[in-house]
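Trainee: I am new to this structure and would like to go through it step by step. May we look at it together?

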Amino acid sequence: MASTEQDIRRELGTEREKLAEAVGTLRSELGAATDIRGKLRAKLPVVAAGAAGLGFVRLLAKRVRQR
């Protein structure tokens, strides 16, 4: 099956478009995956409660060691 130069150029153009679309999708997914602020903001009450609880436990442990 002999391909003409025009067929090859058309196939290359199609492949470039597919590649550009794949890169765009990858960039958006990567941005969503690395959005730590957004993930933290969504779970802020849980994170704050955990931090407060850990601080309280550390304070109790420090007082127990001082006795």
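Mentor: This is a predicted model, where local features need pLDDT of at least 70, side-chain atom pairs count only at pLDDT 80 or more, and totals for chains, interfaces and linings use all residues. Residues are numbered from 1 along each chain as its sequence is written, and side-chain values use heavy atoms, with hydrogens and water left out.

Trainee: How far apart are the mean positions of the positive and negative charges of the protein chain?

Mentor: Lys and Arg count as positive and Asp and Glu as negative, while His and the chain ends are not counted. Each charge is placed at NZ of Lys, CZ of Arg, CG of Asp or CD of Glu. For the 14 positive and 8 negative charges of the protein chain, the mean positions are apart by 30 Å.

Trainee: Which pattern does the protein chain follow along the sequence?

Mentor: Helices (H or I, at least four residues) and strands (E, at least two) are DSSP runs, numbered from the N terminus. The protein chain has 3 helices and 0 strands. Read along the sequence, the pattern is α-α-α.

Trainee: What percentage of the residues in the protein chain is buried?

Mentor: Buried means under 20% relative accessible area, exposed over 50%, and partly exposed in between, with a 1.4 Å probe and protein chains only. Of the 67 residues in the protein chain, the buried share is 0%.

Trainee: Why does Leu-60 count as partly exposed?

Mentor: Leu-60 lies in helix α3, which covers residues 44-66. Leu-60 counts as partly exposed because its relative accessibility is 41%.
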